[in-house]
Amino acid sequence: MARPFQSMAVASRLNSALLMQLVEHIIDGAATNSDQWIDCMEPATGLVMGQVAAGDHHDVEQAVAAATRAAPLWSSMGANGRAARLHALADRVEDQLEVFARAESIDTGKPITLARQVDIPRAVANLRWFADAASGQSASEIYTTARATSEVIRVPVGVVGVIAPWNLPLYLLTWKIAAPLAMGNAVVAKPSELTPTTASMLALAASEVGFPPGVLNIVHGTGPSAGAPLVAHPDVPAITFTGGTDTGRLVNSACAELFKKVALEMGGKNPTVIFADADIDAAINTASAAAFSNQGQICLCGERLLIEASVHDRVVEGLVERAKALTIGDPLDDDTRQGSLISADHCNRVGRAVEGALKRGATCLTGGCRPDNLPERVQGGAFYRPTVLAGLDMRDQFNTSEVFGPVVCAMPFQDEAHAIELANATRYGLSAVVCTGDEARAHRMGHAIQTGTVWINCWLERDFRVPFGGVKDSGLGREGGEEAMHFATEARTICTASASSVDATGAVPREASS
Ligand code: NAD
């Protein structure tokens, strides 16, 4: 049953983390009631704070039907018409930055300062960049020979299905929907059931700023009940997924059956490689940011710290100092730099990974446990201290499996060849950081490490124009810039014979068509 969205329902959460509220699907421009609900926990407190709709294949069916109806109108509005609406949506999110940041912090446990400074501004930038890029593109490419002119146009695929994770909810949702929308597709998105709020807020805002109903639909629910039917829906020809590698494998299989376009952004076990010739203080700062930002819950975090032996102890000491200095506390406190992990379950998984490593011979240099002295409001939360381990072999499971928490394991290397061997010793290949003062070495390392991105003396620097994605178990396909716009469209070639190449019967001679 569809009814006008009660924005107060979402707003209530934003005024107080203690008020219960419902997060509904947004289908065909309106909030849609649900018969079934899932409890939403606030990870920083461990308390139930509301409920999110538990969608199933009926809700997906309704959303895909709405998107299918909306797509032709949206496409016909032209790139400039769509860009105007995407900018209006970005303006709305920007105007309500504090409200979105608070919702994101409550849902995820991330420090509100991080949400204010990174997540929400980046969501705004995602919408704006793809709006401008799509409207700035030429309508077609023309190739001419003596015999014919080929015009290549890009046609929207129709409805794009988006599956998003919990670690950067609005940042990644907007990253994944902006290109399909800008290129003239309608979208059905399924956010993580753990962090649903800002997705519904965004879709509500889209309706308010003039998106036609059905252009942006949000179906909530678990992966198996709402995500899988979206992936398998025959009227959704393209699926873009961000999440864990095991889930990505399921999504990939389902898409292969139906010959769908699929883009998979999955897990990582990224190395931060520090050479003795680097600016060591700057390298420690970079390694610390890469290890602990967002409580280590960014796919691009560096969980493996590879350090040239001659500076190993100095780097490790510096990192331990930085880890101890991070203020752990209530995510809603402006001074907090380390918030809560996403859930008690996940926090326990991180703890078990560290305990296992210790049993196998690792040394814990800092962390390795939950913090004490937490403020009263968050004493039941899923907090874990930033942790530095050492003393494990590169083949140890701690160094080969993604933990996705504020944990890093330091390993010494002897020379460049050894660093490359260690860096490439996992089944993942998402990103790497290399800290060095030697330009030629930076270039060699950039070519030798098998990942989608290699950052030299920086981390998380993202230019919208460049391809983004992983190799091996980290991903399939690329997002970002033109890659994302191509994913959301099909190239169509319209080949017109020139007059001279057509014979008296009107047929193009055989050799002219080759
Ligand atoms: P997840 O795989 O558990 O869930 C991701 C999304 O998939 C959720 O919305 C979930 O409900 C849905 N899902 C689960 N089962 C499904 C199914 N059978 N069919 C369709 N959808 C299904 O991942 P997560 O725990 O939410 O996120 C953490 C993971 O995401 C980490 O591994 C992290 O590295 C990865 N990640 C990767 C990137 C990247 O760009 N490469 C970015 C962020 C996060």
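Helices (H or I, at least four residues) and strands (E, at least two) are DSSP runs, numbered from the N terminus. This is a predicted model, in which local features need pLDDT of at least 70 and side-chain atom pairs count only at pLDDT 80 or more, while totals for chains, interfaces and linings use all residues. Residues are numbered from 1 along each chain as its sequence is written, and side-chain values use heavy atoms, with hydrogens and water left out.

**View 1. Lys190 lies in strand E10.** Strand E10 spans residues 186–190. With a relative accessibility of 3%, Lys190 counts as buried (under 20% relative accessible area; exposed is over 50%, partly exposed in between; 1.4 Å probe, protein chains only). Beyond its neighbours within four places in sequence, Lys190 is in contact (heavy atoms within 4.5 Å) with residues including Val162, Ile163, Ala164, Val219 and Leu230.

**View 2. Trp175 and Phe464 make a tilted aromatic pair.** Seven aromatic pairs turn up in a search of the whole structure (rings of Phe, Tyr and Trp, the latter by its six-membered ring, with centres within 6.5 Å; planes under 30 degrees apart are stacked, over 60 edge-to-face and the rest tilted). In the pair shown here, the centres of Trp175 and Phe464 are 6.3 Å apart, with 50° between the planes. Trp175 belongs to helix H6 (residues 169–182) and Phe464 to the loop between strand E21 (453–456) and strand E22 (471–472), so the pair ties together parts that are 289 residues apart in sequence. Trp175 is buried at 4% relative accessibility, and Phe464 is buried at 14%. Look around the pair and you will find one aromatic cluster, formed by Trp129, Phe130, Trp175 and Phe464.

**View 3. Arg462 sits over the rings of Trp175 and Phe468.** A charge sits over a ring if NZ of Lys or CZ of Arg is within 6 Å of the ring centre and within 35 degrees of the ring normal. For Arg462, the distance to the ring centre is 5.1 Å at Trp175 and 4.0 Å at Phe468. Arg462 itself is in the loop between E21 and E22. Among the residues it touches, not counting those up to four places away in sequence, are Arg122, Tyr171, Leu300 and Trp455.

**View 4. The ligand is surrounded by 28 residues.** The closest are Ala164, Trp166, Thr247, Met266 and Glu402 (a residue is near a molecule if one of its heavy atoms lies within 4 Å of it). Ligand oxygen atoms lie 2.7 Å from a side-chain N or O atom of Trp166 and 2.5 Å from one of Glu402. A ligand nitrogen atom is 2.7 Å from a backbone N or O atom of Met266. Helix H8 (223–232), strand E12 (238–242) and helix H9 (245–257) each give at least two residues to the shell around the ligand.

Terms used:
Polar contact = N/O pair within 3.5 Å; in protein donor to acceptor, adjacent residues only side chain to side chain.
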